[in-house]
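Visitor: I would like to learn how to read helix packing and chain contacts. Where do we begin?

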Amino acid sequence: MNTRLLPLYATIAIFVLAYALAYSQFPAMLSTRVIGNLLTDNAYLGIVAVGMTLVILSGGIDLSVGSVIAFSGVFIAVALRDTGLHPLAVFAALLLLTTVFGAGMGFLIDRLAMPAFIVTLAGMFLARGAAYLLSVQAVPITHPFYKLLQDAYWLMPGRGRLTLIGVLMLAVVALGAVVAHRTRFGTSVYALGGGAQTARLMGVPQGRTTVLVYAFSGLMAGLSGIVFSVYTGSGYSLATVGTELTAIAAVVIGGTLLTGGSGTMIGTLVGVLTMGLIQTYIVFDGSLSSWWTKIVIGLLLLGFILLQKGLLRLSQRGR
Amino acid sequence: MTVLSRIAPQLIVLAALIALVSVFYPGFLSIDIQNGRPVGPVIDILKRSAPVALLAVGMTLVIATRGIDLSVGTIMAICGAAAAWALTQGLGAGAAIALALTAGLAAGLWNGVLVAVVGIQPFVATLILMTMGRGVAQLITEGRILTFTDPGFGWVGSGVALGLPVPVWIWLATAIAVAVIMRRTALGLLVEAVGINRRAAHLAGVNATVLLIAVYIASGFCAALAGIVVTADIRGADANNAGLWLELDAILAVVIGGNSLLGGRFSVAASVLGALIIQTISAGILLAGFASEYNLIIKAGLVLIILVLQSPRIASEWRLWRDSHRAERGRT
């Protein structure tokens, strides 16, 4: 058996087990309504986690994504309020902006040879500050096109709603899986995460790959910001504080090695859904308080990191 | 003398900032005495610097070992919640402070064991407590903002002693104590040795494991002090917002203090000056009449400048350029 895939199997097993436990207590957990909401509520997190997976696979980290999501929401809301542009044009401009922003951070990380987390920390301040400058107050989005997006869903049997943003999330995960597992760029990312020096000697273009990885993460954060603005119908500069940590946790719970070089996109999806499931269960239960979410997620995170450590030690002893 | 030249850049920046703010706001340096307590922008800055300065002291040691402690803001929330809980249970101020400090030490021990014994990267190990800790703090406060009216405990946050606010004395005493312990014994040298090369330090006979755990415990202790000061100042424990984002300010203070994120040589005094610089900037922005929204952008700019200055690659390229320049000049 491939020990590298063991964390993924563990993730899937935990998810299935947790779902079964939740189902035995609340049979309604398996209704299409709950499943539809699980996808819709976690759509923005899933999309940003796809970008984060690629960054972590390359051995880096991107702490700016939460701020970029908030900035995106405010940017869209202010642009729609103050200009007559169509939302699609605003979306295009925003995605370009966040991609360039991510590429800029990647460029600095590569050129300055400094730790990714401190460079993206500066990016986090910058994006949050830019959001504050645009508007401190929450700005509602009232464009009719948004109403169209919010009402776009397919009624599944059992009256569950498969929303547009939920489907978009699944599509993005599929796209991420293709990029990571089926392209030359994806292979370069894995090689870089496995060991920068080895990758360089193998002929992986380190600079270009680093820039592209963070550009991709910026693009995903921008897309996630669009989805979040559709989900909430507003832009608020204080929104999604700490989302970067939730995304990192989802990626790790999904079985990706935090040191880079090993992991899968599908695992990240399961990780996101596991975290969504914990939240749904706490809502269903009603007597548990919301802070248990944080504690359980923290413990899960610890458990998976310890599992990875153990596997790493095991594989090293085998050599 | 060497200490002075080490902290000279920070002192110059601070002096320049004070001069700059004084231009926009002439009364900046004035201090009045009202009801027996000093009042003025400078006193305010010194007092408000307390949390970040305290965190920066512990963070300096952690960063010197090539680590990072992202959980300090959360530890502040836990310790504040513990202290407030003790007060609402009718225990005295002394017991509340003891409980908060114990919580801080325990949190530091947890981080230290994860880093030094289990061998998780510091950034990840402390991330776990960062995500989990706010839940723990909320568990203690049961999701409410715990308020109390204990004057003895409140004095720690808003009292005055010997002409200065108590929080100022606390961070001054902590910084001086840590600096003296580190520099008057070999401890500082050992911490630097572990930061530069843990394996080499280990082979040279340094007990790196115990030292690393001790460093994280020190950081937890400093965070507990900061949590006590904040909680005592507002006379309430807010599990959600206490210490939020302060870990970033603390890291920024350490980096402004010229300490390398790649570990090694450190200066506690410079880090504390870094905290003062951050607070002077925030206060200056407000006093000069700018919107506080510029604060984050300015901080981002600061981080970028420091990154360029610290970058190993830029430094080596600069040396290469300088040497080739010299060689050329030598030839002609």
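**Reading the model**

Guide: Begin with a crossing: α4(A) passes α6(A) in a left-handed crossing. Keep in mind that this is a predicted model.

Visitor: How is such a pair of helices described?

Guide: Two packed helices are described by the angle between their axes and the distance between those axes. Here, helix α4 (residues 65–82) of chain A packs against α6(A) at an angle of about 25°, and the axes are 8 Å apart. Angles under 35 degrees count as roughly parallel, so α4(A) is roughly parallel to α6(A).

Visitor: Which residues of α4(A) and α6(A) make the contact?

Guide: From α4(A) come A:S67, A:V68, A:A70, A:F71, A:V74, A:F75 and A:V78. From α6(A) come A:M124, A:A127, A:R128, A:A130, A:A131 and A:L134. By class, the contact holds 11 nonpolar residues, one polar and one charged.

Visitor: Now the two chains. How many residues of chain A are in contact with chain B?

Guide: Interface size is often given as the accessible area lost when the parts come together. Here we count residues: 33 of chain A are in contact with 33 of chain B. On the chain A side, α5 (87–112), α6 (116–134), α12 (243–253) and α14 (291–318) each supply at least two residues. That side divides into 26 nonpolar, three polar and four charged residues.

Visitor: Last, a single residue. Is B:G36 buried or exposed?

Guide: B:G36 has 7 inside 10 Å, so B:G36 is exposed. B:G36 sits in the loop between β1 (32–34) and β2 (37–39) of chain B. Its C-alpha atom is 8.8 Å from that of B:V160, 124 residues apart along the chain.

Terms used: Residues numbered from 1 in each chain as written. Chains lettered and ligands numbered in written order. Predicted model: local features only at pLDDT ≥ 70, side-chain atom pairs only at ≥ 80, totals over all residues. Contact = placed C-beta atoms within 7 Å. Helix = DSSP H or I, 4+ residues; strand = E, 2+ residues; numbered from the N terminus. Nonpolar A, V, L, I, M, F, W, Y, C, P; charged D, E, K, R; others polar. Axes fitted to C-alpha atoms, helices over the stretch in contact; angles between N-to-C directions. Parallel < 35°, antiparallel > 145°, perpendicular 65-115°, else oblique. Left-handed = near helix turned anticlockwise from the far one by under 90°. Buried ≥ 20, exposed ≤ 12 C-beta atoms within 10 Å, placed from the backbone.
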